[in-house]
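Me: I'd like to go through this model with you and ask where its labels come from. Could you set each value against its definition?

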Amino acid sequence: MMLYALWLLPLVGALVLWTFGPQLKGLGGWVATAFIAASFALTVALFGAASQPNPGSFDGVSAPLVTWIPGFSLGLMLDPLSLLWTLVITGIGGLIHLYAIGYMEGDRAVARFFAYMNFFVFAMLTLVLSDNFVGLLVGWGLVGLASYFLIGFWFFKPSAVAAARKAFVINVVGDVGLMFAVFVLFKATGSAGYWTVFEKAPTLPESIVLLACICIFIGCAAKSAQVPLHTWLPDAMEGPTPVSALIHAATMVTAGVYLVARCAPLWSHSADARELVGTIGAITAIAGALLGIVQWDIKRVLAYSTMSQIGYMIMGVGVGAYSGGVLQFFTHAFFKADLFLAAGLVIHALGDEQDIRNMGGLRTKTPFAFWTMLIGTMSICGIPLLAGFYSKDEVVYQTLERGHPWMYAVAALTAGITAFYMFRMFFIAFFGKNRAGAGAAHAHHGSLPAWVMQLPVGLLALGAIASGYVSIGGDQSPWFRFLAPDFPAADNVPIYAVPISDGLSTVLVLAIVLVGIGLAYWRYGTAAATADASARLAREAKSQPQILVRGYYVDDLIGALVVRPAQAAGGFFGRIVDPHVVDGAVRDLAWIAGVLGLFVRRLQNGLVRAYAIALVVGVAGFLAYYAFAGVTK
Amino acid sequence: MSETVAIANYIGLSAVIFFIGVAGVLTRRNPLIILMAIELMWNAANLALVAFAKSWLNNAGHIFVFLVVTVAAAEAAIGLAIVVIVFRNARNVDVDEAASLRG
């Protein structure tokens, strides 16, 4: 019962806001936040029940939904893995809702905004609470829809509409991949429920498992912005900043990580799938980090860092380090939401200025944003004692343990690049003199107290510090014992002996990170660098390598390979096929009917007596026929 | 029982009357005459029915004749009504002139 309630409360909130939005006025945001908070409270109340599964099974709290289709039983389920996601979705989601009350104050359509936000939470809960692939697919599509609504929330901006459409189309590519995965699994096992499929997974031929994994991963790659389906994520920053924090950092884009972790029994039975997913994750991690170096929009820096961090998670769950990859999701949800919301504070204070070249000197102007941003930046870089350190260390070392030395090298290098571009953004935005032009003078001055926006950021900053502590203690930590029931198959993945110890690896990665921070400080943070920052940054903007500025030409490649052929095909169909073939067939049919009518209309001469003759002749004909038939019989 | 008439005579008379009716419908242009001709055809059928009923000692034929008479009366009423309407609209009751549905 509580499970239904925690699942449906956000939907109720969305319906209330859609229906009574104009009447609620400024209260809309508080109503939406209250619904999410209630959902979060129920999740916490269910914590004990869901986190103590029977050994060796996935039992948690479950609730049936559809039981009347023979052979199918679709339902909801709260086990440790989905409990974790639900906590993040409703907990961090609730904080972001609270923040958004301040951020969206004064917007004309604030009720619509919160209705979409609540709807997103409902969709995301559908995704993670489903106990079968069909419900998952429904949630998968709904979050894409919610994401489309929210990216295009400011629909009067053409760029926002284009970004929303792009995100939706690329996500549908993933949806189709996932749908085929469901087909494959259903054909092979006769069920769409997780547990039936996973029980039968060891008996399936490896090629089937690999095919299913590839199809699943197409869905994950689109949703989680993995190469080459990543191009929608930076564009998605057109949405309001709370949306970027909630959907495009903390929750929706990690759905791919959830799915790979959920399908751990499949991945554990296919070494090729592990290799593939780990490789894509590693490529995404370093590719996103490199792109982060050349961005000037503060939100695009964070978007590429999200892409890169999700690369880490995917790499982690891909190589079989499920708990480690999920830990990276958990800490990332805190520090990335913290970073986005702190960036939102800056953007808000500067009157919607997002270009870090026009910032500078914000340390004194927005001290709260400065400190929370510093915590988030240090956490993402993996500074010891902050959350990101524990998760990144776990993922990086696990790649080595699971026998992928080159992924380890990429991950370690990416850690350094991450440190460089994050602190580059940090130094440019917060150090030196204020470079804001005259246009950025009109900051938002809402009537709400400052704590509405500062409290969520502060709490998330605390999470960015402390959320990694759950994993202290290695295999015996609360974290690993909590998740162990979900990953019984993790033991199938072989663990190799490695030449360097965990501690040495940590020191090595930390050294690379410090080099990255040092380089960033040397280029952007020193007194000499900040003195003539405007000129230096303008010079840098001119000399950036084109391949990075254009995002490895992936957009151009997709444009050349997909968009333009599709446009050409559309033109061909629109100019040739439709008017000449489709319309032509209809026109010809009409013409034939007309010509036939010319003959047939002669019969309709209006003379009653002519009709009477036809009648008589007809009757006579019938009589003659039956007379002869009678004779021959 | 008086002298019986052979069934063939009844049927022959019935056929003759029927074809007189058909000829009337096909050749006359006055709708009143056409209605009368149709009435001839009805009654030719009635004659055949009673003849067979008498010959086969089955009263269904007699009963059916009453039905036919009723329907024929209704048909005549409707037919005359149509004729009146046509006359009101066209000041003319020639069936060949009432050909406005010509294709």
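Reply: Happy to; here are the labels, one by one. This is a predicted model, in which local features need pLDDT of at least 70 and side-chain atom pairs count only at pLDDT 80 or more, while totals for chains, interfaces and linings use all residues. Residues are numbered from 1 along each chain as its sequence is written, and chains are lettered from A and ligands numbered from 1 in the order in which they are written.

Me: Why is Thr203(A) called exposed?

Reply: A residue is exposed if 12 or fewer other C-beta atoms, placed from the backbone, lie within 10 Å of its own, buried if 20 or more do, and partly exposed in between. Thr203(A) has 9 such neighbours, so it counts as exposed. Thr203(A) sits in the loop between helix 8 (194-200) and helix 9 (206-223) of chain A; helices are DSSP runs of H or I, at least four residues, numbered from the N terminus.

Me: What makes helix 12 of chain A largely enclosed?

Reply: Eight of the eight residues in helix 12 (residues 255-262) are buried, so the rest of the structure largely encloses it. Among them are Tyr258(A) and Arg262(A).

Me: Which residues of chain A have pLDDT under 50?

Reply: Residues 53-58 of chain A stay under 50 on the predictor's per-residue confidence scale from 0 to 100. Where pLDDT is low, the predicted coordinates should not be read in detail. Chain A as a whole averages 86, and chain B averages 89.

Key. Helices (H or I, at least four residues) and strands (E, at least two) are DSSP runs, numbered from the N terminus. Two residues are in contact if their C-beta atoms, placed from the backbone, lie within 7 Å.
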